[in-house]
Amino acid sequence: MKSATAVAFAEPPVERALALEGLVREHADESERERRLHPAVAVAFASAGLYRIAAPRDFFGEEAPPVAQIETIEAISRFDGASGWNLMIGIETFGLVAPGFEHCRDLIEDPQVILCSSTAAVGRADPVPSGYRISGQWPFVSGCHNAVIFCATVDLPGIGPRYAVVPEPGYEIIDTWRVGGLRGSGSHDVRVEGAFVPEERIIAPIGGVASECPLLRFPLGARLAYNKVAVAFGLARAAMDAFVALAEGKIPRFTSTKLGTSPHAQQAAAEAEIRLLRSRALVMEQVAKMWAVVQVAGHITTRERALFQLACSDAVRDCAEAVDVIAEAAGTTANQEGHPLERISRDIRVVRQHTTVAGRNMLDAGRVLLGLEPQSMMLAGANRR
């Protein structure tokens, strides 16, 4: 394997993320209006090496442990949920797809190169001399406006699923991301029509690279889940921040005292805080345990993966419910455009709906705990190599 060198940073990823608070907050409203991450923020993420923290060092990554990944995504999500989601998908994409670039690694050598991809559809790959003609349309390509390479999920005849690496301008962005929550994530469709992709740019599917890197031995389903949970943690903490600030100044109608003196507000703060703290503590505890196992090439059992899936899905539910409790106690202020709680309420609902952490995954985890084989994508399909 050809050697690769990642950019070295003196500070850990979360510190580099925290340093970008002002920039992220400055551009959050414009990202919301334009329905895509502001380019200045994407450039800053790339310059700080944040998109690459979950990739192996052999492929220009940092190999940051899962806890560090969660803390980094959580920090940005606290500043702005859509920016956090965009970073999360970028981290996930580069971390899981870049290891397949063994024969085209020059495409990702530049630290400013950002990847985007989608597994939500499967395109056509028609064999032609020295490669394939790729066609299709893929939805939910978060961050596509900031990327310069699209990795298209295709089904190769007689081979199976692979990624086709399509640099710009070989793909077209279709304006489809017209939504309520996470507007600024820029999760539009991408279309490819007959682009030629040489054989060396047909790479392994997500999670399909065998490696001694501990991150690539970490259960794929668990990686997909904890990334999403990190966004929920950041959003829930941002909601608490907004509620505390509101409670210190707002005097509700038909009262003469500040919101913070209300027993209802105090109860809401207590309930939201404990839900966030306990769910975060459990996820962090479980992810640290699994990380310790994979570092010594140990085996993660199906039961352990099921327990982690439970922790992740329940954590997102807890975070969403914590935001609901706070928003209800905040009164009509939480419905006003421009107030943080209004956007956070919309954003966190999208996280809760994502297939990797949706509540329905808890049913399959329960099957495993009762001695049955898993059936869901997260506990069965996502972990097949």
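In which sense do strand 4 and strand 7 pair, and over how many bridges? They run antiparallel to one another, and two bridges link them. The views below take this pairing as one stop on a short tour of a predicted model.

**View 1. The whole chain, with its helices and strands.** Let us start with the overall picture: the secondary structure consists of 11 helices and seven strands. Along the principal axes, the C-alpha atoms occupy a box of roughly 80 × 50 × 40 Å. A compact globule of 385 residues would have a radius of gyration near 21 Å, and the chain agrees because its own value is 21 Å.

View 2. Of the 385 residues in the chain, 56% are buried. If you look at contacts with a separation of 6 or more, 73% of them join residues 24 or more positions apart. The chain exposes about 16,600 Å², and carbon and sulfur atoms contribute 53% of that area. As for charge, there are 39 positive and 45 negative side chains, with the centres of the two sets 4 Å apart.

**View 3. The hairpin of strand 3 and strand 4.** Strand 3 covers residues 149-156 and strand 4 covers residues 160-167; the two pair in the antiparallel sense over eight bridges. Where does the hairpin take a positive phi? Look to glycine 158, with a phi near 75°, in a hairpin that has three residues between the strands. Leucine 156 has glycine 160 of strand 4 as its bridge partner. Another bridge to strand 4 joins isoleucine 149 to proline 167.

View 4. Our last stop returns to the opening question: strand 4 and strand 7 are antiparallel and share two bridges. Which residue of strand 7 is the bridge partner of tyrosine 163? The partner is isoleucine 203.

Terms used. Residues numbered from 1 in each chain as written. Predicted model: local features only at pLDDT ≥ 70, side-chain atom pairs only at ≥ 80, totals over all residues. Heavy atoms only, no water. Helix = DSSP H or I, 4+ residues; strand = E, 2+ residues; numbered from the N terminus. Rg over C-alpha atoms; globule rule 2.2 N^0.38 Å. Buried < 20%, exposed > 50% of the residue type's maximum accessible area, 1.4 Å probe, protein only. Contact = heavy atoms within 4.5 Å. Areas by Shrake-Rupley, 256 points an atom, 1.4 Å probe, with all protein chains shown as cover. Lys, Arg positive; Asp, Glu negative; His and termini not counted. Charge placed at Lys NZ, Arg CZ, Asp CG, Glu CD. Pairing = 2+ DSSP bridges.
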